[in-house]
Amino acid sequence: MRWTSVVALVALAGAAVWADEGKERAFKFSKDDVGKVPAGWKAEQTGKGEGSVWKVVADDTAPSKSGHVLAQTAKSPGGVFNICVAEDTKYKDVELSVSFKAIAGDSDQGGGFVWRYQDNNNYYICRMNPLEDNYRVYKVVAGKRTQLGGKAGVKVKAGEWHNLKVEVKGNKMEGYLDGEKMWEITDDTYKDAGKVGLWSKADAQTHFDVFKAEG
């Protein structure tokens, strides 16, 4: 079945489902999951305190044209990392892409991906922060975040949709914003396959759409 046909079937069904073609998996969010974490996903967090409230919400500007997106809606404390992982995933080498729109946040904005996710305290993450004008990549080990690289002076306006992509192969990782390469790093901390998902920090309230993983 061709990918275009799968998308059409998903739209007709109005349900949040994984759509497969070859090794690519794409996720669409629908009205069936409004107000809750979508089926097949799980909200997690790194750090103590209330937060990491993920749910499907209506958004007429969604790039998928579905009218619905996955949103992190909590104003979490500064030390909390908000995570939502796709439970039925396991990738080592992977290409991830997502459309994101920063909605609000006084101490943090924006967000990004997690990959090779072992648990809520051990994983890789990259994120774009419109408040700080930077796009960075980190590792989280035993709950402690360490920066591995990034790009400064990157301008992204809140309230606008932008595309993030990360390519992971072996110990090499590359990050892209709207099709432009922003950073490249190597790291050997996590060599095993893990789950993939989405991430924001503290009070960064963000909408995500058209999440894809290929590996």
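Two residues are in contact when heavy atoms of theirs lie within 4.5 Å. In this predicted model, 62% of the contacts between residues at least 6 apart in sequence join residues that are at least 24 apart. The protein has 1 helix and 16 strands, and of its 215 residues 51% count as buried.

**The seven-stranded sheet**

An open sheet of 7 strands, paired in the antiparallel sense, runs in the order β3-β6-β15-β8-β9-β10-β11. Because β3 (41-46) and β11 (144-152) each have a single partner strand, they stand at the edges, and one side of each is left without a neighbour in the sheet. Neighbouring strands of this sheet are turned against each other by 25° on average, direction ignored. Within the sheet, strand β6 (residues 81-91) and strand β15 (residues 194-201) run antiparallel and are joined by 7 bridges; alanine 86, for its part, has valine 196 of β15 as its bridge partner.

**Nonpolar cores**

The largest nonpolar core holds 36 residues, and those with the most contacts inside it are Trp41, Leu96, Phe113, Trp115, Leu177, Trp183 and Leu198. Strand β7 (residues 94-104) supplies the largest share of this core, with 4 residues. Apart from this core lies another, of 10 residues, among them Val114, Tyr123, Tyr138 and Trp199.

When its neighbours within four places in sequence are left aside, tryptophan 41 is in contact with Phe27, Phe29, Leu70, Cys84, Val85, Ala86, Glu87, Gly197, Leu198 and Phe211. One of these partners, Cys84, counts as buried because its relative accessibility is 0%. Cysteine 126 is likewise counted as buried, at 0% relative accessibility, and the structure holds 0 disulfides.

**Strand β12 and its partners**

β12 pairs in the antiparallel sense with β7 over 8 bridges, and it pairs, also in the antiparallel sense, with strand β13 (residues 172-177) over 6 bridges. The hairpin of β12 and β13 has 2 residues between the strands, and in it glycine 170 takes a positive phi near 65°.

In a regular strand the side chains alternate between the two faces of the sheet.

Tryptophan 161 is found in strand β12 (residues 161-169). Neighbours within four places in sequence aside, tryptophan 161 is in contact with Asp59, Thr61, Ala62, Pro63, Val69, Ser99, Phe100, Lys101, His207, Phe208 and Asp209. With threonine 61, tryptophan 161 makes a side-chain to side-chain polar contact of 2.8 Å. From histidine 207, tryptophan 161 is 46 residues away in sequence, and the two are 8.9 Å apart in space, C-alpha to C-alpha.

**Loop residues**

Glutamine 109 lies in the loop between β7 and β8 (111-119). The relative accessible area of glutamine 109 is 13%, so this residue falls in the buried class. Its side chain reaches the backbone oxygen of glycine 105 at 3.0 Å. Beyond its neighbours within four places in sequence, glutamine 109 is in contact with Ala102, Ala104, Met128, Asn129, Pro130, Leu131, Ala158 and Ala204.

Most residues other than glycine have a negative phi. Serine 52, although not a glycine, has a positive phi of about 50°, and lysine 65, also not a glycine, has one of about 70°. Serine 52 lies in the loop between β3 and β4 (54-58), while lysine 65 has its place in the loop between β4 and β5 (68-72). As to accessibility, serine 52 counts as buried, whereas lysine 65 is exposed.

The relative accessible areas of the single residues discussed above are set out here.

| Residue | Relative accessible area | Class |
|---|---|---|
| Serine 52 | 9% | buried |
| Lysine 65 | 73% | exposed |
| Cysteine 84 | 0% | buried |
| Glutamine 109 | 13% | buried |
| Cysteine 126 | 0% | buried |

Key: Residues are numbered from 1 along each chain as its sequence is written. This is a predicted model: local features need pLDDT of at least 70, side-chain atom pairs count only at pLDDT 80 or more; totals for chains, interfaces and linings use all residues. Side-chain values use heavy atoms; hydrogens and water are left out. Two strands pair if DSSP finds at least two bridges between them. Axes are lines fitted to C-alpha atoms, for helices over the stretch in contact, and angles run from 0 to 180 degrees between N-to-C directions. A nonpolar core is a set of buried Ala, Val, Leu, Ile, Met, Phe, Trp, Tyr and Cys residues joined through side-chain atoms within 4.5 Å. Buried means under 20% relative accessible area, exposed over 50%, partly exposed in between (1.4 Å probe, protein chains only). A polar contact is a pair of N or O atoms within 3.5 Å; within protein, one must be able to donate a hydrogen and the other to accept it, and residues adjacent in sequence count only if both atoms are side-chain atoms. A disulfide is a pair of cysteine sulfur atoms within 2.5 Å.
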